[in-house]
Every structure is written in structure tokens, then in C-alpha cells.
Amino acid sequence: MFKFSFQSDSEIRKDFTVLSRIIRDNKFDIIALQEVFSPNALGRLLDYLGRFEWDGVWDSPTSFSSIAAEGYGFIWNKKRMRLAVTTLPDGTEKTFRPHIYNQYRVDRRLGQTQLIRNPYYARFEPLDGSFCEIRLINTHIMFSKGNSTNQLFDIGAVIMRKREFDILTQALYNTISDKRYGNNRPAYTIILGDYNLNLRTSGAAGAFLNEIVTVQDKGQIKRLITVQDKLTTLKANKAGSQEDYGFSYWANNYDHFTYDIDRFSSVSAVSSRINTVKDYCNDDYELHRKTVSDHVPIALKLNLK
Amino acid sequence: MKRELKGLIPQGDEKTITNQNVEQIEQDKRKAAYALNLCTVSVSQIIDYEDLNILEQEYEMILNNLNLENFPKDEALLSILKQLLDTITFFRIYEGDKQMLDKKYQHKMKNAIWSAIPNFTFVAGGNPWAFAVSGIAAVGMGYMNYRKEKAKISLEKEEAQWQLQKSAIEQFNGLRRELFDTAWRLSDKYGFKDEYRLTEKQISAYNRILMDPIPLRKYERLKAIEQFFYAYPPYWYYLGNAALDVADIYNNSEYRDLEAISKYRSFAEENFSKFLTYDHSLLRTDYIRSSCCLEYAALLLESNKKDASQRVKDLIANAIKCSSDALDVLQICALYSLRIDDKEIAQRLLRKLVIEDFNTITNAQLLSYVYLNIAIENKKLFDKASANYKELIQFADGNMLIPWVENVDMLNEKGVTNLITQFLDKQKERIQKQFIAVVDKIVEMHTIEYNKQLFQPRNDYYLVEDSFYLDSDESINNRKYEYSILSQNQTEWSIFINNLKNKNIALVLDNQINKVLWLLSLLVSQALKRDIEKICSVDKLICSNNVGVLQVISKLKTKIDSDKFDIDNCYALFQCSFTYIMSSYIFSFKKEAVSKIAEKCNINELISIESELADFCKAQKFPSPENLCEEESIRTNKEIKREFINVLDYFDGSDDIRKNAKTEQELINRLDSFEKSKKLYNSEGAGQYDVEFTTDEEILVKQRNKLSKKDLTNITRYGNILAYFHDNKAWYNRYRDLYFFRKGLVLLSSGAITTKIFEYFDYNAIGYDSSDHLLFADINGVKSEIYSSDSVNVRAIYELIIELRKVSSSKPTD
């Protein structure tokens, strides 16, 4: 899962060579991207990776403001995964089209509202023989309503983010994970993306979310766990020199995966952070911010055997 | 409205359909239903048994074995089958595990064969093979056998590894539902009655019943659900099989009820023939059909009916045809053929089994005996039989077979009895050798233990091989050398003496001797079915020789206790080695055991001893008896590699080159064993986090490439990188990298803080501070810190460095 952004075709500042190297070196099967402002950017990346092997989709949720306007992307390795396919009774095959997920019920009694930025939903099937399906909910929780720079003290923004996270887990997750399409495959649903919230065990300063969330679902209680507690965002300005003792370029632990503990009990899911600052930019975090992204990628490895 | 009928039922207009035989159409519909049921039952069995071996079997025997020509041709069905095969492949067990299971089955079959077959003797006329087939039939084919075993309540630990993972079960459930959906649709399309199609519930009930360990109950439960299985012929086979089991129980119990036995046997016969009539050829290699034929054959053989022979022959031929090269089927067919004295077929099959390495030894022995019998019966066939025998020797070890006569004239009772005695003697010799090798191994193992406890070499940091602790002349000399050096250092020597005091020689000796005796008694009770006292009385241990030795030891012990122990006393102690003490007892023990083996005159008993030996070795985690015998011979004749040409001599400084190469190799060996021993990680503490020690070429190259150019030039000055150690430390500390070279190591330390540290330290200059868990370098009296950590076992690294230091500075030995 990776986050990269740029504004327009003419302002291409990101280094696609490095990006494609990162993807190839780490042998990702599916990559979920946030803050992709134009489908052309995704297209460029696919060109660098090689369209014979990789495919991708892009979409953008309807935005309420220019701050919210950005897009999501999915890229996957065509040799290992494909979009889910349903076979209709008359034999024709229908491929699932990833789309922005708008149709979910909110429970106003619990204070839920529609998300400010709706997530991107896709279903994938592995091509290695296992008979299952992976459903990904790609989300980028809204950072704050206004142009506030003071992140730690804007309590209103943090509350808003937490509420968004609640809606994702309480309203959205179950609707998606329980939904049956006509193919009998057991489904594994994961929420992933930039939550703009930290796990307590990460050592970050504030804006915490709960590691385990319980959700009521038609009488059953489900528990969703959020993983990946390493710091993944890079500092913005020189809040100290790289030469000082104790300087670290890590800022926050904003990027996570969330999934149902019990559903995934038979599957091993290991999350990790890939330190692309060290591996590809020789520890130069400013270079990384400029050419790659202000986040580092996180990976979730699923083992179905 | 014309119905679109594809697949089995030929297309045509109304006229042709009505002209067709209605019965034929019904048959075809039933076939289609059977095909679907076959797949659905197979998948259900995978889910219900939750076992990887069943997965494997179903894959091989049913799902990947479908005769698609006879299958309903439906796109959806074929695609779901394909998906099913893909998913099974995803979860299959590895080849190695499968082979282990095969070996286990073969072992069981071998035992069954040898307990059934009578002794090899000279038989002039008549059938030498009048053995009971029930034992073999009870083992049956691998496919059925595994399920029977599972039905018995077995709580072996090995079962856990065959457990099908929960994620796999989920996926198979999904697939099963898909299959059922498809089947449901197809029943509509082909127009067969819905009753033909087995539902999930029926199949689950059926599977549960099949797992029932009580045969009579199984039979009755199966009988009760008869009406659902109209379009699933294997049901009849299982019903017959259950009936046969019931008959067996009556046969083997105290209260033999002859009426019940014959009643159930006739039920079995009835159901078997029903299966054979209704079965269609939907599988390419039809295991169930073969199994049915063979069990039917066994039934007829047991019942001793008059015209059974011909019928049995037909059944065997049928089984062979259906099985198409499944070796376990052929094994049973070979034995049944022998039973009905059909030597032709038996010969052919046994030879095939020998070539395909299935129970090779047993089958080769049987085959050699068959050839002999053929020659005895008809002297004209002697040449042919000889030719066959000579071919056989090429496939199997000649020592294991019945030896061959030299000419026709020796084919009389005297000659053959001679042969057979020769054969038995050869087997006895072989087994005796194995037995001796096992006993030697036991003694050797305990010698090493005994010496290890008492004689630690100087510096207990030293890692030594077990051969240091043997009692051979070479090892004793090694130890003498070590300790002579040790004795020159007063403190080390007193540590050594204290160690001896604490360990208390008397106690250790007592322990080890008892351990050896215990193992030996276990060995003889399992292999020879005798008590150790009957073989060689334990009192012999304390014979006159030994009493003398024990007195010497006790005198030395007093010296140890009074701190008057010197190097000469030490040498004396070495001379009173464990092996020496045990030697006379072991000698008589071996002699007795060997003669006991020689007394056996029955091939079956010898085979059983051999098999018990193998089991014993397996249980004690020794190598197999054959390997132990080989090890002996290897030790006595070491193969010396020829050096063809010495290129190094043409270069200057060739001695150094050689020396360096040898040293480096030795260093790499030490580093490797250090890595494998995992001493690096503390028992408490984080251990595995962000700490790495590797000698892996790939990783080393990767690390090299990550270095900056300046570092790289500096590092390459010191030679080849042999190993790499990395400690990531916390984010606010420098990480530490240690690169190991031939003569020293390089410390590379950097991090988010400032100056990189890059320094080279010679091994000789490194020291260890145990209070701070700190490695430091002592250069000209100035101590500078290299590396310290609380969670990594720094002492282990220091020990490694000492080893490396010794290797790199020592003179190379040839």
C-alpha cells in the first residue's frame, strides 16, 4: 500500500523509476494507492512497470471541496491476481469493476453520517489456484476540515477522523464482507489506507484509534483489528537537523490495515513497513519526500496455506 | 418443445429417439448422475476427513483420473472441475511427505506378506503357496487401507501434520457448493431423476458411516440408506466390504458362528457382484473396481469353493486391467496369483514390482523362489529360469536372493535344501553384521557421553566435534596433547580438577554403564525376544579384568579429591577408558547374540529380527542398520582423492596461497556452524529483532553493494568478506555492522547521528569485558569499544572470535 501524489501532468516530480523498483523489489501482488490526482499518473506508473504484467484502475470520489479532491488507485500483477469474475447462469462472465463505494447504510442513531471521502472498493481473485477472494476497501480518511497546520492540537479534526474510522468499521465493513456474489468463494475483506490516526503502540504523540473494534452485526459480535504500528510518515520541515543526536525523520503512524480477527484466524496476516527512505534514498528523507512520497509503503502478507 | 440434449445422450429428432432402446437411455442418464455423484462425493470426503493424505488420494484416484470421454460435456462442470484441481494442487503435500507414507504402507504390506507366506522349503509337487490370504487382504490397497486406519481411533502425534488447514476447508466448502449448484442444474438439463443425484446431507451421512470403526454397525447403517445410492455404484462395494469385515470378526472371535460367517460372506459376494455389474468406466484407473475384484477374489479363496480358481483368475485379470500400473494393486494380484498357482502371471507382476522398486527385497526374494520352483517342476525350463534369475540379480542385491543352482542335476531335494540353507546363512550373516553395528553404535554413543562429562578441553569456549571424545587411539592422543598444554597453566588445571571432583567419576561411570545395559536389554527384548540375562549375564561385567581397572580408577579418584592429580595421573585415567571397561562384556554379549541369530532356521523369523532392528534404530534416532554397517566400512577404508595436477606450483608464493585458502575454508566452516548453532540470541530478551548474522553469499554481496564507494575501497583491502553481523539498535543509536575477514573484523557504525565509524580490528587485539557485555579492542594499551548489547549474546561472539583467531594464526595441518 503506497501513497504518492502529484498535481498535474506538467508537474511530474515523482521518480517513477524508483517507484517501479520499489514495487518490483518487494514483489507486491496488489498495491492500493491514495492521493493520485490524475489517472495519467497511474498510467505512467503502469508504463514503467510494464503493462503486459501489471494492470490498474483509478477513480475519484465526489469531493466537497478542493482539499478533498483526489483519487484512489489499485495496481495489481496480472499474472498473480485478477479482478473478481462472476459466472452468470447462462455462461457469460462478468468482471467486477472497482468503484467508489457510496451505497452504505448509516445509522443516525449512533451518530453516523456519510463519509466525507468515500473509499474505493475492489475485489480480487488469486490466480495461483486458491479458491478465495480478497476484498479491499481503499480509504484515505479526511485529515481535517480546514487548512489547519497545527495537527496535534486540532482536536476537532481528530474527532472527525475518529468518526470517519467508526463509520468505516461499523457501517461499511460488514456490508461489504458479508455480501454474497454468485461465486461461492470465501472472502477476506481488508480496509487499508491512510487513516491519519495512530496506534497507541507506535509511540506517536496523539490522535489514537483503538486497536480492536467490536462491531455488532445482526446479533453476532465481530472484532476488527488494526495492524501496522510502525511510523510511516515523514517529517515536513526541518524540525531539527539530521546531524543532531536523536533526530528521526519519522512523524506519525498513519497507515494501517484493518480486518476481522476471527475471519482471518485461519490465515496468517503479517504487516510490515518497508523503509524505502533507507533502501532507496540513502536515508535522505527530504529526497524521499520530493521524489517518492511523504509516506513509506506498508505491506500485508497473507498466507492461505 | 425440443429439449437440447448434449453429451451422452445422442442428439436426434423425435423419431430416432423413440426408436432407441429406452433402457439404454436410462443407463446413460444413470451414468451422467454417477459422474456427478463421483465428483461431489470426492470433494465431500476431502472436507469431512480433513486430512491432507485423503486430499492427495482423492486427487490422484478420482478427480485427476476422470475419463472425460464418458463424462457429461458441460462447460460449467468442466470449469469447476478445473478450479477444483487447481485448488487441490495449491494445498497438496510435498513429494517427500508422500514418500514417507508410501514407505509406511509398504512396510505394513511386507510384514503381512511374510507372516502369511510359509517357510521356503523344497516342495517336489503340489502348491508351495497354500497360504492364507486373509492377512494380506486385511492390509488391502493403500487407498482403502489409509481410510481403515483413520477409522480406528489413533492419537498419534504425526496426525497433526496431516490436518487440513481451516482456510483450505473453507475454500473446499466453497468449491463443493459450486459443484452442487452445477450438478443441480445439470440434473435438470439431462433429465435424470433428481433422486439419482446425491445431496450434501446424504453424502455427509454416508461419509460418517464409512468412518464407523464397528463393522456390524457400519453394515447396518449403510444398508439402511440403500435407496439413495441408485446412481452411485461404489456404495455397493463399501457395503460388501463392510459385510466381509463382519464375517472376519465372527471368524476371529472366540464364539465362531459358522452360520453368520457364511451369511455375511454371501452378502459380501452379492454386493460385490452388484457393483461389478453396475459400474461404468468413468475413471481411467479404477481403484475401487480393482479393490472390489481383489476382495471378491480373497473371499472366494477363503471359501475354498470348487470352481473358484477360474473365477479368481478372471477377477485378478480384471483388477490388473483396471488398475493400469498401480503398484499396490499389482502386489496383491501377484500374491493371489501365487495362491492359485498361476506362476506365469505372478512372475510377470513380481518382476514389474521389483523393477519399479516397490517392496523390492521381498518381491525379489519371492521371485527368485518362484524361478526355482518353475525349474524344479519342469527341468526343461531350467535354462529359461536361469536366464531370468541372472536378470533379476541386476535389479536387486544378489545377497538377498535365494542362490541359484549351477546345473540341472542339482535340482533335487538335497541340492535345493542346500541352496535354501545357504540362503538362510547369508541372511543370518547380514543380520548379524547389522546387529553388531547397532551394538557398537550404542557403546560409542555412551562413550562419547561419558568422556564429554569428564573431559572438557581447555577453555570451555571451544567447540569440538564428537570424534574428540571417542576412545580410539587417535582421540586419546588428541586428548593427551590438549591436557598436557592445559596442565602448564595452573589455574586452568585446577579448574579441570575441580570439574572432575564435582562430576564424581564413580557416579558418571555408574550412570553410563547402566544406560548402556538398559539400551542393550531393550534391543534384545525387541529383536531376539529374550531377556538380557539369558544372552549375557550382567555379572560378567564385573569380571576380574574390570575389578582391577575399577581399583585403579578409585585410586585416581582419591588423588583427585585430595588435589594431588597431575598430568601423568590424567594419562592413566585415559587408559582406563569406558570402552575398555565395557569391552569384555560387550564381546561376550555379541558372541551370544550372534549365535542366537544363527540358531534361527526360519526365514520369517530372520525377517522379523531385521525389521525389529530397523525399528529400534529409528526409535533411538540412529541411522538405519544398513547405514551403520556402511559407516564401519567407510571408516576403515577412506577414499583418498587423487590430485591430478598442481597448478599452484607454477605461481610464486604457492604455499601461502594454499595456506590462506585452507584457513579461509576453515574459518567459513566455523562461522557457518556458529550461525547454525544460534548461540547469538539470548534465551531471554528480544533476540531476533533487527539483529542479523549471516554467511550467505547473496546477502553478503547485497550488503557490499549497499556500501558507499569509499567504504567499499577500504573494505576490500582486507580480503574477502566471510560473514556479516548487523545490529539495528534503537532508532536513536547507531546501528552496528561487523564484517568478518580472515585476520580481523571491520566495524561499520552509522545511523541517524553523525560520523560514521569505520575501523579495522585484528582478531588478536579483541578482548571481552563480561561485566559490561562489551567487546573492546586493546591497541597499545588503549581500550576502545567495539560492540556491546544487552539482548545479544556478546560472549558467544567473543568465543567465535577466539576460534577464528586460533584458526587464522595456527599452522595448517594436513
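This is a predicted model: local features need pLDDT of at least 70, side-chain atom pairs count only at pLDDT 80 or more; totals for chains, interfaces and linings use all residues.
Tutor: Residues are numbered from 1 along each chain as its sequence is written, chains are lettered from A and ligands numbered from 1 in the order in which they are written, and side-chain values use heavy atoms, without hydrogens and water.

Student: Why is Cys322(B) called buried?

Tutor: Buried means under 20% relative accessible area, whereas exposed means over 50% and partly exposed lies in between (1.4 Å probe, protein chains only). Cys322(B) has a relative accessible area of 10%, so the residue is buried. Cys570(B), at 0%, therefore also counts as buried.

Student: What makes β3(B) and β4(B) a pair of strands?

Tutor: Strands are DSSP runs of E with at least two residues, helices are runs of H or I with at least four, and both are numbered from the N terminus. Two strands pair if DSSP finds at least two bridges between them. Since 6 bridges join β3 (residues 735-740) to β4 (residues 744-750) of chain B, these strands pair, and they run antiparallel. Leu738(B) stands opposite Leu747(B) in β4(B).

Student: Why are β1 and β5 of chain B called edge strands?

Tutor: The open sheet of 5 strands has the order β1-β2-β3-β4-β5 (chain B), with antiparallel pairing. Its edge strands, β1 (691-694) and β5 (757-762), each pair on one side only.

Student: What makes strand β2 of chain A mostly covered?

Tutor: In β2 (residues 30-34) of chain A, 5 of its 5 residues are buried. Ile30(A), Ala32(A) and Gln34(A) point one way, and Ile31(A) and Leu33(A) the other way. β2(A) also pairs with β4 (residues 72-77) of chain A in the antiparallel sense over 4 bridges, and Ile30(A) stands opposite Trp76(A) in β4(A).
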